[in-house]
Each structure stands twice: as C-alpha cells, then as structure tokens.
Amino acid sequence: MTRTVQTQTQTQAQANIQQPQAAAPTIAVRKSCNPDGIGLSHYVLMDKKAAK
Amino acid sequence: MTAALPSRALAGPALIPVDIGHPVYAAVTDPDTAFWALVDKTRLAETVAGGPLLDAYREQAGAFGQELHALRFGLKPSGVYLNPTERCNLDCTYCYLPGKQRSGGQHMPAETLIASLGRLRDYFRSVMPEGRKPRAIFHGAEPLMNQAAVFAAINEFADDFAFGVQTNGTLLNDAAVDFLTSRNVSIGLSLDGPVAGITDATRRTWGGKSVHGKVLAAMDKLKGYGSWSVITTCTTENLPHLTSMVELFHAHEVPTCMLNTLRCTLPGARGVKPADGEMAKAFFAALDRSHALYRESGRKLVVANFANILIGILAPTARRLMCDISPCGGGRAFFALAADGSLYPCSEFIGLPRFNGGSLLSEGGVEAALASEAFKTVIGRDVDKFSPCGDCAIRHFCGSPCPAEAHEMNGGMEKIGAFCDFYKEQVNYALRLIADGKADDYLWDGWDEGTETLFDLSL
C-alpha cells in the first residue's frame with residue numbers, strides 16, 4: 001500500500017516537472033446589505049416564521 | 001515631497017498574506033477594509049506584488065473601507081436586551097452575573113417593565129426606519145422567573161417589537177411554550193452536556209439538582225417550531241463531548257445552536273476556561289460532525305457562532321451576532337436594561353457598576369446612556385488602536401471579543417479578549433471551507449437573500 005502511494009507520488013512529481021500545473025483560480029467574494037445584526041454570544045435571534 | 005511618501009501610499013492599498021493551512025490556497029487580506037482573497041500558494045508572491053486581483057481590489061477599496069467604517073461606527077441601536085429579574089433558579093459555574101443578585105435579587109415590577117418598553121419604543125421610533133421593528137430580547141438571569149411581567153409586556157407591545165427570550169428552559173411548561181410560539185417569539189435554550197453527568201458539572205440548581213432532563217423536555221416541546229436555538233457554553237467540563245452535543249441537537253431537530261466559548265468576565269468562569277488549542281480541536285471536530293450529519297440527512301444544524309465568522313468574511317454587513325466586530329455591538333447596535341432600570345452597553349456588564357449608563361426612565365434615558373462615559377469606554381474599544389490586534393491581518397473578522405472580559409480578565413479595554421488564538425483558527429477554518437466550496441453547507445439556507453454582490457472574482 002505504502003509502495004503504491006510512493007509510486008503515485010513519484011509519477012505525479014515527474015508529471016509536474018514535465019508539465020507545470022495550472023494555478024488554482026483566485027477566489028474573492030464580497031456581499032453587502034443593510035446591517036441589522038443585534039445578536040451576541042448569549043443569544044441569536046431567529047427570525048424564521050414559526051412552523052406551528 | 002512625493003518621494004518621501006511611503007510606497008504603499010503611492011500605490012494604494014496592499015494585501016497581506018495569511019497562511020490558512022490549506023494544501024492549495026493561501027489568503028491575502030487588507031485588514032483596513034476586511035477585504036480578502038484566496039490565491040494559489042505558488043502564485044502568492046506575484047499576487048501580492050501586483051496584477052489583476054490587486055487592480056480590481058484597488059478600484060473598490062475606497063467603497064469597502066466606507067462600508068466597514070459605517071458598520072463599525074455608524075450604526076444606531078436597533079435592539080435591547082431586557083433583564084426582567086436579577087434572579088435565577090440555577091447557579092452556573094461561569095455566569096457573568098454576580099451570585100448575590102441571582103440568588104436574592106429583585107424582579108422588575110410589571111408596571112416598570114411596561115413603562116420601560118413604552119420609553120424604548122419611542123426611542124427606537126426616533127432612530128429606526130419606519131416599518132422596521134426593533135428587537136427586544138428577554139435575557140438572564142432567568143427571565144421566566146418573572147413570567148407574568150414578561151408575558152404581559154409581550155402582549156402589550158406585540159405590534160412594536162420582535163421579541164425573543166433566552167431561557168434556561170426549566171420553566172418552559174406547555175402553557176409557556178404555547179404562549180411564546182403562538183406569538184412567534186424567538187426562543188433560546190441552554191444545555192451543556194449530552195448526558196446529565198456532563199450538564200450537571202456546570203449547570204445546576206442552587207441546591208445542586210440536575211436540570212438536564214427538563215431542558216431535554218423543553219427541546220421536545222419546541223421540535224418543529226421555526227424559531228428556536230440552543231446554546232452550549234464550552235468549558236473544560238464538556239469539551240470532550242462537543243461532538244456528542246452536536247449529535248444530540250441534530251437528533252432533536254434543533255435548527256440552530258451555538259457552541260460558545262465561555263465569557264471570562266467574572267473569576268468563577270476562569271476556572272473552567274479551556275485552552276485555545278484544545279477548544280479549537282474539539283470545536284472543529286463538532287463542526288465536522290455537524291457537516292457529516294447534514295450530508296447524511298439533508299438537514300442542517302447551523303452552529304451560529306461559527307456561521308457568523310463565515311458571514312463576517314463573505315458579507316461583513318450581514319453579521320447576525322455583533323460580538324465579532326470592533327467596536328462590538330454593545331452600546332451601539334444594542335444595549336441592555338437591568339432589572340433595576342439601569343442601562344448597560346451589554347448584559348455582560350451588568351455585574352460591573354462602573355459600566356452603568358444611568359436609568360432608562362430618568363431624564364435623558366437612552367440618549368444620555370449612549371453618551372455616557374460608561375458606554376463610551378466600551379464603544380471606544382477599537383482593535384485598530386491597540387497591540388497586537390492593530391497589526392493583525394484578520395482583526396475585522398474577529399473583533400477581539402469581548403470588551404468585558406478584556407477589561408476584567410486581561411486588565412483593560414486595550415487588551416485582547418480571552419480566546420485570541422481560537423479566533424484565528426476559526427477564521428483559517430472558515431477560509432479553508434470557502435476555498436473548498438463548502439461554506440454554504442455551514443450557513444442558514446437563504447442567508448444571503450437581500451444582499452448585493454459587490455465583488456466576485458475568478459482569475
């Protein structure tokens with residue numbers, strides 16, 4: 001099992017040398033709204049309508 | 001003259017690298033605006049040096065800075081925490097309220113509570129947009145020790161406030177549950193262990209009796225209700241059992257829980273304070289379990305205090321909890337009314353007389369309290385202005401809570417809170433989830449309804 005992993009790692013390393021991997025895509029997100037948070041560590045307000 | 005300016009001032013905002021422990025991604029942040037991006041670690045140096053990400057960010061940096069400044073300094077209060085009694089039927093190890101008040105304190109008379117809510121309604125009408133209700137949360141000690149006054153107030157002001165109650169659950173009989181749920185009151189309970197032996201280590205009656213079974217019974221009564229949650233306060237006593245807590249909550253169909261670090265404001269709490277590293281290990285194991293349960297069942301158990309960290313990163317203004325921002329929400333997004341009629345920035349300060357901002361029903365009322373030195377001391381706590389937070393890349397994802405424990409435990413408002421390293425680990429964990437595309441699994445469905453996407457970049 002260990003040997004298989006080593007073999008795969010070596011094969012991957014060789015592939016990396018031959019063909020550089022593409023960079024992982026950059027991730028950057030920012031959303032915005034009117035702030036209305038009033039919760040604190042002792043309480044979180046759940047606004048969801050009662051189900052019963 | 002120009003040559004003497006720092007290079008950053010010439011170029012505009014810069015990005016600071018942060019190792020988040022991800023195999024592929026590192027984060028970069030501009031802490032001044034709470035901007036972040038996740039970039040391939042192998043491209044980190046060139047990303048920070050310049051290029052399309054930095055160019056796109058610099059176009060928006062001014063607007064992001066204004067938005068964060070408005071969130072930190074421009075809010076008017078929209079909520080109040082009401083303490084209708086000083087008394088509690090439990091004697092929890094870590095409570096932030098003095099034991100003498102909880103054992104033998106006073107109830108607020110019903111007529112005083114009604115008069116107080118009338119005054120508060122008028123205040124909120126003067127500062128909030130028409131059509132938006134302020135929130136009023138009955139809070140502890142144990143508010144249902146003064147149930148008649150609380151229920152009378154909810155009936156009297158049903159059209160004026162969105163009400164909530166945070167209760168230990170021991171007095172929630174069928175009639176109380178019917179009353180609260182029929183009026184859509186948001187209900188928070190507290191439970192510290194998956195079995196009585198663990199809960200009893202920190203939450204017992206004054207006579208030492210267990211209340212574990214009563215809280216489970218209250219949870220059963222609330223099953224199916226849309227607006228309830230349960231808080232677990234994490235201590236050395238229950239830390240090894242947080243994963244079991246999550247399993248218990250999920251099995252009881254709890255929609256939202258909090259796995260909070262205890263607040264170390266009063267000395268009693270510090271004896272059961274977990275170390276940051278142990279807290280992080282147990283907390284993330286519980287989060288992982290909550291995610292596995294969601295994947296197995298399709299039903300989420302949102303861990304609200306962590307969800308709030310995630311939301312604070314993705315949409316700073318959409319935070320629900322106002323502890324993880326600096327200044328915190330105490331005394332500016334909300335304030336607290338004590339049972340003796342005094343106003344405090346937050347319930348956390350009610351045991352600390354120097355933070356009393358004056359009486360609600362006296363001349364000046366809320367406005368005088370907001371302008372008082374007691375409130376200014378809390379509102380003025382700004383992580384930009386003290387070390388080590390001022391140089392921290394994630395300071396506006398964390399806020400260094402809580403000012404009460406910074407003041408009482410660490411010696412001043414310009415000190416860090418009690419769990420600095422744990423907060424860093426939470427932010428890293430949150431950024432790793434975003435990198436792996438899993439963030440929404442940990443958030444309320446529809447959490448971003450009503451938000452606008454200002455920045456969304458894939459390069």
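Glu405(B) is buried, at 0% relative accessibility. In this predicted model, Glu405(B) forms a salt bridge with Arg263(B), with the closest N and O atoms 3.3 Å apart. Arg263(B) sits in the loop between β9 and α11 of chain B and Glu405(B) in helix α17, so the pair ties together parts 142 residues apart in sequence. Arg263(B) is buried as well, at 7% relative accessibility.

**Other salt bridges**
- Over all chains, the structure holds 20 salt bridges.
- Asp160(B) and Arg125(B) meet through their side chains at 3.3 Å, N to O. This pair links distant parts of the chain, 35 residues apart: Asp160(B) is in the loop between α6 and β6, Arg125(B) in helix α5.
- Asp160(B) is buried, at 16% relative accessible area, whereas Arg125(B) is exposed, at 56%.
- Arg289(B) and Glu296(B) form a salt bridge at 3.5 Å, N to O. Arg289(B) is partly exposed, at 24%; Glu296(B) is exposed, at 58%.
- One network, joined by salt bridges that share partners, takes in Asp32(B), Arg72(B), Asp382(B), Asp384(B) and Arg395(B).

**A three-stranded sheet**
- In chain B, an open antiparallel sheet has the strand order β1-β2-β3. β1 and β3 stand at the edges with a single partner strand each, so one side of each has no neighbour in the sheet. The twist averages 30 degrees from one strand to the next.
- Six bridges join β2(B) to β3(B). Ala26(B) has Val39(B) as its bridge partner in β3(B).
- Helix α18 of chain B lies across β1, β2 and β3, at about 60 degrees to β3(B).

**A buried loop residue**
- Ser342(B) lies in the loop between β11 and β12 of chain B. Ser342(B) is buried, at 8% relative accessibility.
- Its contacts include Asn356(B) and Gly358(B).

Notes. Residues are numbered from 1 along each chain as its sequence is written. Chains are lettered from A and ligands numbered from 1 in the order in which they are written. This is a predicted model: local features need pLDDT of at least 70, side-chain atom pairs count only at pLDDT 80 or more; totals for chains, interfaces and linings use all residues. Side-chain values use heavy atoms; hydrogens and water are left out. Two strands pair if DSSP finds at least two bridges between them. Helices (H or I, at least four residues) and strands (E, at least two) are DSSP runs, numbered from the N terminus. Axes are lines fitted to C-alpha atoms, for helices over the stretch in contact, and angles run from 0 to 180 degrees between N-to-C directions. Contact means heavy atoms within 4.5 Å. Buried means under 20% relative accessible area, exposed over 50%, partly exposed in between (1.4 Å probe, protein chains only). A salt bridge is a side-chain nitrogen of Lys or Arg within 4 Å of a carboxyl oxygen of Asp or Glu. Lists of a residue's contacts leave out its neighbours within four places in sequence.
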